[in-house]
Amino acid sequence: MKEKIKLFLDSDLLESYLLGTTTTEEALQVERYLSMYPEVRETYEELQDNLETYAKLYAVKAPEALKERILNSINKESNFKRNFYRMAVAASLAILVSVGASYFFWDKNQSLQEENSIVNNKIDDLEETMRAQLEDVRNQFIVLQNPETKKYTVKGNKKAQELKAVAYINPVKRLSYINVSKLPHLPKDQCYQMWTEVNGEMVNLGIIKEASSQEKLLALPYADDAVSYITIEPQGGNQSPTVENIVANIAY
């Protein structure tokens, strides 16, 4: 009986079964030996432990270190009689390590490239935003300080009698801004929104709120015979202006 078990252990069936490479008949034979002989079960459990060791080490170590630790673990726990198939398992695991490591570093490289691309895009976006903000500040200074700038007082109609705003139009520099200093209270489900009609096209300037200071300006698109509107819209804004809810307009 011992000779039969020895022959079985000296074969590679147990290792192949663990790695999932046995045929149906071979798998049935291995399962039969596992259920009948404690020595076979013990050997199989040791092989499983070695594979688990590989998995745990692989998560934190480089491929070469993985290979060395797996081989050392196998050599320490093996005896002379089982050395042959232990080395076969080590070779199989080393192949898995090599393939897994290649994928690991490829995946890391892809991730780094994607992260680098995202960071570069964010930097580009930030630079563009800063350039736009600096340009806007420069234009505001020009509008407020230039003697050619015309100042228009904007008042609301009957739907928003308390509305107060001042528009600054410079036809020479072709720049226009508005400062909205007072907006009448609205229900929570409504908001004020600004629009400008430029060359027959309605431009959505978004939801507006009261400015915190007189220097807080909102840029208006400039064009000959342009008209800007302030409307009351549903909370969150609208895609097109509600004509019957126009509360103020500025022609320039």
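**Cores and strands in a predicted model**

Leu163, Ile178, Tyr192 and Ile230 touch the most other members of the largest nonpolar core, which has 24 residues. Such a core is a set of buried Ala, Val, Leu, Ile, Met, Phe, Trp, Tyr and Cys residues joined through side-chain atoms within 4.5 Å. Buried means under 20% relative accessible area (1.4 Å probe, protein chains only). This is a predicted model: local features need pLDDT of at least 70, side-chain atom pairs count only at pLDDT 80 or more, and totals for chains, interfaces and linings use all residues. Residues are numbered from 1 along each chain as its sequence is written, and side-chain values use heavy atoms, without hydrogens and water.

- A second, separate core has 13 residues, including Ile5, Leu14, Tyr33 and Leu47.
- Beyond its neighbours within four places in sequence, Ile178 is in contact (heavy atoms within 4.5 Å) with residues including Ala165, Met194, Leu218 and Ile250.

- Strands are DSSP runs (E, at least two residues), numbered from the N terminus.
- Strand β2 (residues 164-170) is largely enclosed by the rest of the structure, because six of its seven residues are buried.
- Strands pair if DSSP finds at least two bridges between them.
- Strand β1 (residues 150-155) runs antiparallel to β2, joined by six bridges.
- Here Val154 stands opposite Ala165 in β2.
- Seven bridges pair β2 with strand β3 (residues 175-182), also antiparallel.
- Lys164 stands opposite Lys182 in β3.
- Four residues separate β2 and β3 in a hairpin, and Arg174 in the turn has a positive phi of about 55°.

Methods
Buried means under 20% relative accessible area, exposed over 50%, partly exposed in between (1.4 Å probe, protein chains only).
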